[in-house]
Amino acid sequence: MTAGIELSDVEAMLGHFSSLTRDAMQRYLRDRAPGRYLYDLVRDYPSRTGKGIRPSLLLATCQAFGGSIDQALGPAVAIELAHNAFLIHDDIEDDSLQRRGRPTLHRVHGTPVAINVGDALAVLAMQPLRDGTPLGTRLSQRVSDEFIHMLTRTIEGQAIELGWRADNVVDLEPTDYLELIGQKTCWYTTVWPLRVGALIGSAGTASLDAMTRFGFYLGAAFQIRDDLLNLVGVEAEYGKELLGDIREGKRTLMLIHLLGSASVDERKSLVAFLARAGKHPDVPADGAPDIDEAAILELMVHHGSLEFAFQFGQGVATAAYESFHDAFADVPPSAARGFIEALIPYMLARVS
Amino acid sequence: MNRPEADGRAGPHRSGEFGPFQALTALTDAQRRGLDAATQVVREFVDLLDAQPSSDTPPSSEPAGDMGSVNGHEPGLAQLRVTVVRALDLYADLVRRSFEGYADLMNQMLRSRGVEFGSVDGGLLTLQGAAGARAIGTVWMHNTAARRASAIPRLTDLASHDGRVVPASAGRFQPAALTIEPSASTSATVEVVLGDVAPGVYRGYVLARGLPDVALPVRLLVRTETGRS
């Protein structure tokens with residue numbers, strides 16, 4: 001039940017939790033040598049203010065289950081640092097132009113330097129988990145195990161997506177898409193923060209499977225919205241270049257729908273475009289005309305792919321709503337619990 | 001081109017709408033597909049988590065035994081369980097840290113007397129110590145035979161690359177003789193007295209009378225009092 005919570009309230013709470021996380025993060029991002037080609041750049045992406053959904057979800061879940069912010073701050077910092085590491089490497093893999101409204105790191109400093117900075121952030125992400133004082137040995141160990149598992153699943157998901165693009169896989173169903181984003185997005189965006197927040201807040205007594213289910217639905221709604229914003233968002237708010245997903249040949253829900261709805265000739269053009277995006281040289285278009293990102297978006301609009309994805313996301317959010325009430329069934333009402341519930345409609349309404 | 005609105009529709013702008021989530025009662029086909037597909041995939045998602053080998057799975061997704069869950073049906077009891085679990089965690093940590101503190105103290109005391117500890121890495125026993133002091137390590141003997149074995153471990157001469165030798169007589173084992181049950185292992189402490197030994201690296205073996213197949217390579221690092229060997 002989210003009565004009384006407005007979009008601005010959700011964003012204010014995200015801002016509050018993000019601010020706590022950023023303050024705690026500073027001790028891991030101190031000035032040190034070498035600065036110019038490493039630690040100055042390590043601070044770049046974390047300083048570009050994002051939404052902070054991951055640490056916010058973790059901190060709020062911990063609070064909802066009766067734990068304190070202090071107990072969960074280390075893992076919150078860890079996931080935010082890992083997220084920034086992923087972003088740097090993702091931007092290189094996708095050759096993205098913008099991140100959070102500014103040029104990507106590799107575009108400014110070159111790919112070799114950016115890869116190394118991403119590596120540094122990934123290593124720094126481990127450090128907050130080593131300080132287990134607020135949690136005790138047993139919980140610390142479990143949080144670390146969860147962290148390693150989450151990283152593994154995320155990297156596996158990313159590998160599947162890169163493989164689809166490299167092999168120009170086009171015969172895909174919406175369930176394939178959900179399985180992909182379950183791995184590459186949901187684990188680190190929602191599942192892990194929910195599981196670890198509940199783990200810490202309940203001192204290891206909460207049902208984590210219920211958290212996994214809710215996290216999957218919530219993360220899927222998040223990713224579907226993110227994919228839509230990449231096509232029809234406002235670039236200044238979204239922070240990344242629009243149509244980048246099409247340019248990179250990402251297998252989004254809209255693209256999968258379009259591949260199944262397009263005419264024979266449209267599909268030929270589309271498959272040839274995707275082959276080029278996946279760096280397949282000399283792919284014959286079988287006489288079908290060349291097509292660009294804008295034309296593909298036109299096709300998506302024409303075939304109802306955006307509307308399909310929007311409604312598909314609503315169906316996923318309905319599942320999220322049901323699973324939230326299972327996962328938080330007897331967690332007493334609190335601002336933190338209300339915030340987590342309000343994230344469900346927020347995922348469908350956000351513009352950045 | 002007419003750019004569609006941020007909610008994915010080409011129609012009226014709806015991105016500003018926000019409010020309590022309305023669970024859908026009458027689903028469109030696409031909404032139903034989203035709900036059904038997500039429900040199907042999440043089932044596999046959780047099943048996969050449960051089926052992962054232990055090294056790749058976060059331990060015990062579900063609470064063990066009768067610990068129940070904080071979001072079970074008895075909030076008061078659940079809160080009590082959380083409190084008890086936290087108290088037990090704190091107590092376990094206290095005990096562990098006490099033991100670690102005691103072990104650190106013992107370690108420090110022995111090191112202050114010139115004793116250094118070795119390690120076995122990939123079948124190589126590494127001993128180290130400062131010239132004039134002692135080096136200590138632990139040797140494990142394994143009896144893979146079907147009958148009890150008796151073994152008397154001994155150290156060979158340890159030689160450096162330039163011909164210097166730490167004589168076998170510098171090594172002592174405690175206990176001096178071992179009895180090992182079938183398919184069992186036991187350990188002995190090896191101590192090398194580095195009385196007049198020059199700094200350097202020395203190599204040799206631990207052999208065992210009674211266990212002809214045992215030959216554990218030994219590397220002895222002898223340092224000067226203040227520097228590296």
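These questions and answers cover the cavities of a predicted model.

Local features need pLDDT of at least 70, side-chain atom pairs count only at pLDDT 80 or more, and totals for chains, interfaces and linings use all residues. Residues are numbered from 1 along each chain as written, chains are lettered from A and ligands numbered from 1 in written order, and side-chain values use heavy atoms without hydrogens or water.

Trainee: How many cavities of 30 Å³ or more does the structure hold?
Mentor: A cavity is a set of points, on a 1 Å grid over the protein atoms alone, where a 1.4 Å probe fits but cannot get out. Points are joined across faces, edges and corners, and volume is the space filled by probe spheres set on them. With 30 Å³ or more required, the count is two.

Trainee: Which helix gives the largest share of the lining of the largest cavity?
Mentor: Lining residues have an atom within 4 Å of a point. Helices are DSSP runs (H or I, at least four residues), numbered from the N terminus. In chain A, α1 (7–25), α3 (44–47) and α5 (69–94) each supply at least two lining residues. The largest share, four residues, comes from α1(A).

Trainee: What is the volume of the largest cavity?
Mentor: Among the 14 residues that line the largest cavity, S18(A), R22(A), P46(A), G50(A) and E80(A) are the closest to its centre. Its volume is about 90 Å³.

Trainee: Which elements give two or more residues to the lining of the second largest cavity?
Mentor: The second largest cavity holds about 40 Å³ of space. Its lining includes I224(A), R225(A) and F310(A). The elements are α10 (208–232) and α16 (305–327) of chain A.

Methods:
On a 1 Å grid over the protein atoms alone, a cavity is a set of points where a 1.4 Å probe fits but cannot get out, and a pocket is an open set with protein on both sides within 12 Å along at least five of seven lines; lining residues have an atom within 4 Å of a point.
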